[in-house]
Structure formats: C-alpha cells, structure tokens
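Here is a quick tour of a two-chain model, taken contact by contact. Have the structure open as you read.

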Amino acid sequence: MSDDIVNKVLEQHPDARRDSLIPILQEVQERQGYLSKNAVVKIGRHLRLPASKIYGVATFYNQFRFQRTGKFHILVCRGTACHVRGSASVLAAVEKELKIKAGETSKDGVFSLEVVACMGACGLAPVICINGEFYANLEFGKVREILDIYKKKAEEGKAGPQ
Amino acid sequence: MFEIEVNGRIIDASPGETILSALKRAGIRVPTLCHMNDLMPSGACRICVVEVEGMRGLIPSCSYPVQEGMKIKTNSAKAIQARKTIIELLLANHPDDCLYCVRNGNCKLQGLAEEYGIRERHFTGKKSRGNIDITSPSIVRDQSKCILCGKCVRICEEVQRVSAIDFVGRGSKTVIAPAFNNNLNVSSCINCGQCVLACPTGALREKSYLREVSEALADPEKIVVVQHAPAVSVSIAEEFGIKPGTDIAGMMVAAFKRLGFKKVFDTSYTADLTIMEEASELVHRVKTGGVLPMMTSCSPGWIKYVEQFYPEFIDNLSTCKSPQQMMGALIKSYFAEKEGIDPAKIFSVSVMPCTAKKFEAGRPEMGRNNIFDIDAVLTTREMARMIKMHGIDFNSVVPEEADLPFGTRSTAGKLFGGTGGVMEAALRTAHFLITGKEMKSLKVEQVRGLDGVKEAKIKVGDLQVGVAVISGVGNASKILEQLKEGRKDLHFIEVMTCPGGCVAGGGQPIETDKEKIKTRLQALYTIDQTETLRTSHANKAVQELYKEYLKEPLGEKSHELLHTHYTKRDVLV
Ligand code: SF4
Ligand code: SF4
Ligand code: SF4
C-alpha cells in the first residue's frame, strides 16, 4: 500500500530533477504521514540520489518524520510565545514521560511526538495539541496528568471489542 | 602568469587559481582543515583566511581566486587572531582525549592548537558525547571528535561515489551519519577507509585488532603467523621517518620475527598464485564463451560495491579469492598438514594497506569447518604502532627473508600493490599460457600510472585483448554503464577500490598524498625493473605448490580453497 502512495507521487513528477526533492518528500509525507525507508529508496532511485543524501536533506528541515505517527499524535508548540512561557520544560516532560524524542513514535505505536513552530494559539501558551485537542497553560506537572488520560484510553482501546 | 605580493614578497600566480594554490607553490603555508586537493573548495572551516589589501573582512584563501596585483598578508595579527578563534571554537566542545586518542601526534586539530599556542579555554561548551559506532568490521566512528569539516562526506561522495554518509540534522545537532542514522555496518559503506585518511581528527579510525594479535602472541598454545601485502613494505617506512618510497621488506620481516611471529609469509606469493588461477580463468572464459569481460576480485571494497550497486555484474567477477584469502586458506590447509599442526591452533594475521580487508576476512565464505582462514587483519598503521610499542629500532635490525613455503615471489606479484599491477601480472601470464612464449616487453606501460581509468588493446597471439584498469571505485561506473549499453571490446577489467591502488589504501600512513602515492608506486616499479623473477608462472615455489598439492589451476583443490562466490546485497543505497 505504501508503495502505491510513493508511486503515485512519483508519477506526478515524471522528469523530476534534484530540485524537486523537497516537494516530493512533502507530498509523500502528506499522504503517508511519514517517510518510510522504502519511500526514501524509491525517491532516491527516481532522482538518482543516494539514500544518505535524501536523509541528510530531510533532517535539515524540521518538518519530516521517519516513523509512522502513533495512535495519538502530540504537537508541542515551540513558538516564541510558548518558549517564553516555558515550552522547553513541557517538551522535556513529554519526552521523559513517553521516553521518545521529537520526531519519534513510541515502540507500542501509541504516541508520536512532533515539535511545531507556532500553532497560532499564543494566548494559551504554553500549549500542546493531541489529535486536534488543545491543552493550554501547561507546566511540567500537568503534562503527566494529560498523558495519563491518553494512556488509559489506549488501554481501554486494546481491551474493548473494536 | 602575473604577480602578486604576499607578506611583502613578490610571487607568481596564474589566472583562475586560488590564493591558496599560489601560496603553496611559493612555499608559504596557510593552515587548512576542510580543503581537499583536486576537489572543489568548500570554504567551510575558514581556518585559511588571509588579509587582502583593500578588501573588507578576511578572505578564505582556499576558495578565493587570485587577482593581478593583489597584496596579501597571510600572517597579519587579524588573520592569526581569527584562526585562533576558530580553533578555540572547535575545541569548545571537544572531548580533549588526546592522550587516549589514536591520532595523538598526527591530529590536524591538535597540531593547530599547538601551532597557534592555545593554552586556555575561552569558550566552554558542553563536551560532545556522541555515540561511538563500532558496528563496522573496518571503521570506527566517534562523533564526539568530529569537527564537521565534511571531508569524509566529500571523499565518499565525490571520489568513491558511494555516499554512505552525509550531514544529518542541522545547527548544533548536526552529525555525520549514514541514512536513517543507521550504523555503518548496515549502510552502503564499502569499508575502503578513504574517509579515515581524509579525516583531520580521531573521529574516523580503523577498527583495531592489535589487542587480539598481542593476546595471541602471548598465548603459548597458539601458533601465530603473519603475512604482509605487497603495498606495505613500500609505505611503512614513512611511519618511522624514513624517506617515502623506500622498500624495507627485509627489515620489516625481521621486525615481525622480533615481535614473535612464528612464520612471516609474503602475500605477493599468493598474488602470484592468484595470477595462475585468474589468468587460467580468463583463458578459460575466452575459450569457452564464458561471461566477459572478467573483472578482478582482489579488492574487497569493489566486491561489495558490485554486490550492492551493480549485482548484474556479479558473474563478471573472477571467482578467485584475493591473495590475502588464498594465503589464509593455504596456511590452515597445506601448511598445517605439512607441519602437522592442528589448524585450530593457528592464529593467522595479515598486515594490509587496507581497512576493507578486515571486512573481507570476516565474510562467511572465508573459512572451512567453522574456522576462519584469517583471524586478524592489521593495517599498515596498526602494525607500525605495534613495532613502536615493542621498541624495535629499524636501524638495528638485520634484513631477513620471508619464510617458506610462501616466501618467494615474482615482481609481478609485488606489482599487485599498485593500480594496473594485477593487470600487468595477469597479461604476462595469460600471454604465456596462450602462446607458450613470454611477452616481448614484460612492462605494459599503458596500464601504469595514476590515471583513474586506463585502457589498452594488447596483442596476445592472434587475440586482441581489450583491457581497462580502474582505480578509485568511483571511476568504475563509467565503464560499467558503457557495458550495460552494449560495449563489447573489453575482455578483462581490473578495479582497485582506492585511487592509486593499495599503495593509497585506507590503512596506509595518515599523511598519504599524491606525491607519496607516486613514490610508493615508483618503488614497486623499481623492484620490477631490478629483479629477475618477473612473471608469476616462473615462480618455482608456486609450481611446487601445484605439483605437491593443488595439481592444476582451476582444479578440484583450487576450487575448494582458492575460489569463492558473491551475493547480491540489500543495503540502503
Ligand atoms: S581528535 Fe585530535 S584533538 Fe581530539 S582528542 Fe584526538 S588527538 Fe586530541
Ligand atoms: S569507508 Fe569508504 S565507503 Fe565507507 S564511509 Fe568511508 S569513504 Fe565511504
Ligand atoms: S568525521 Fe572527520 S572528516 Fe568527517 S566531518 Fe568529522 S572531522 Fe571531518
């Protein structure tokens, strides 16, 4: 399935050259949610670029991720307003609680973490967003409470009939 | 040509060249870190800045073109201060491990800190503690010592065209790593070690097996033998301050004996044996319509390159093992039987100009009955370290010969150490096998020298043999692509992974540059010119081995011990 996504994107760039790399990466990520190894290799073949180069370029920009997003995708805002009001320690709290770093997905596939520049919710700073739900005026201690709710949801999801 | 003024002196400069190149010619030294001869300047480190009259700010001499009448100061207070600051910034988060560092004594960063008299820390950054990647059998990456000069990335991409590594991330989080931050062992790295030669610091180094070798030497149960590759004796001298291009084979053998090796064998002997097998294989392929062009198989970096980038050419590779592995197989079979030793008690060491040989020795095909043919591979550098550690003074050793039964070699076998050498040796013997006569001139000028791609048409009897010689594996794709498009006039292709061949291998002394490579190559040519046993088929010791043990080239025993196979590799390329 993921092959199809990449193929479709590449079909739209038949004579793509190296300067199409970023747009292609963006489109694949948009459709696939992340850049799989397979996708990187395919794009590399298409553009005649080595995988190391593509990975290098992609990691230069903060927007790309290389793991599938989790069931709950967490956005931590690191914009100026949030920064001033302590978003660094919020991020640290999430990372510590979930044992993943920005751009990563937890091993059980439940949580994934992304750092974003500004979500336009500066009034609520510092803010995080989980699957579209905003949590405002956070501090180190509060993060844990929120994440516990989602952990419980994940447990229930597993146990339930679905 | 026009004139420029440097530090009050008039020097010549040519239009289009960089300031640095004019300075170099005039013998004026400006330090560099990221600069690489023969590659486009990157101007990344800015340590080479100079002051140019009438220009604002300092100018990076490595990338700025000279202009007529320029007035340059290379050592103005401003330039020196700028360099000092750059060095101090590089040191700000450096681990300062010099005492424990493999590059202690020949590290560019350490050298600059010393030259510029850095005596205290003005900038204190968090010490980098990046991972040490020891997964590769050949190369160790220590990110904490990396100064991000980019040389490794460039040599891997622009010269070797492998692109196993690149800059990953940005800003203060930047590191050099393979795709997906993978470890080197699962990347497309071919273990050539050219990046190690390029690296100014201890961030890239060979995986060392010195401890294993020392332990084996100290173990009374073990019979420790050593072989040395053709390119080692013409380069190891440099590690001891002896003039580049000096062949010290005899002294080196004597030193090995003092270190306690029971037997010292010459890999050039099995180079001769390789030629017997490989030339026979070539003749066989030509006569029976086998897959052509045949490609040499003694350079393990090249083998991995084909396995991962061009698996469609696997059948073109000669099935001959490399001389190192042929020697390894013979030591634990023929030699062990002859001496009545249990092969499991033999610890077989090889001294190689190469980091990829460490990888080769660990390929699963390279042994029998769960015993590896080669137990440890040391680079020229590691062996030099070992000799120093044992306090052996070359001035006081008396040259000795390598040991029988694998001690005699022809000069053809010795030529294996440089680009074109395998080809020249093979042509000499193929000519003899096909026509029953020696070549009129044994020297094959067209395949000599440092060009990356050399081609020739050689008359062997009625046959016009088309040959190509490639050095620097990045040059191979040109010919391979031509073959894919249907080129048909080539019969035999030699590829050596490193640019210049083994004399320029990734395990050679760190200060390997073009001039040194030339003198090492010349040393091989001189040996060929001055000695009389010049063809592999005339090597009596090799004939003896066939008579006594192998019977005939490509025979049953040969197939069991001296030939191998290759497999397509799935790595992220
Ligand atoms: S890389 Fe150079 S400066 Fe750094 S610890 Fe090693 S010798 Fe010292
Ligand atoms: S050893 Fe060779 S292939 Fe591997 S990273 Fe270094 S230069 Fe590239
Ligand atoms: S590993 Fe060495 S060559 Fe590569 S960027 Fe770092 S310091 Fe430079």
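## Where the chains meet

A salt bridge here is a side-chain nitrogen of Lys or Arg within 4 Å of a carboxyl oxygen of Asp or Glu. By that rule, the interface of chain B and chain A has 2 salt bridges. In one of them, B:Asp166 pairs with A:Lys53 at 3.0 Å, N to O.

This is a predicted model, where local features need pLDDT of at least 70 and side-chain atom pairs pLDDT 80 or more, while totals for chains, interfaces and linings use all residues. Residues count from 1 along each chain as its sequence is written, chains are lettered from A and ligands numbered from 1 in written order, and side-chain values use heavy atoms, leaving out hydrogens and water.

Chain B puts 16 residues into the contact and chain A 15 (contact means heavy atoms within 4.5 Å). About 1,400 Å² is buried between them, 61% of it from carbon and sulfur atoms; buried area is the accessible area (1.4 Å probe) that two parts lose on being put together, summed over both.

## A helix pair in chain A

Helices are DSSP runs (H or I, at least four residues), numbered from the N terminus. Helix α2 (residues 21-32) of chain A packs on helix α3 (residues 37-47) of chain A at about 150°, axes 11 Å apart. Axes are lines fitted to C-alpha atoms over the stretch in contact, with angles from 0 to 180 degrees between N-to-C directions. The two are therefore roughly antiparallel (over 145 degrees).

From α2(A), A:Leu21, A:Ile24, A:Leu25, A:Val28 and A:Gln32 meet A:Ala39, A:Ile43 and A:Leu47 of α3(A).

How values were computed:
Parallel < 35°, antiparallel > 145°, perpendicular 65-115°, else oblique.
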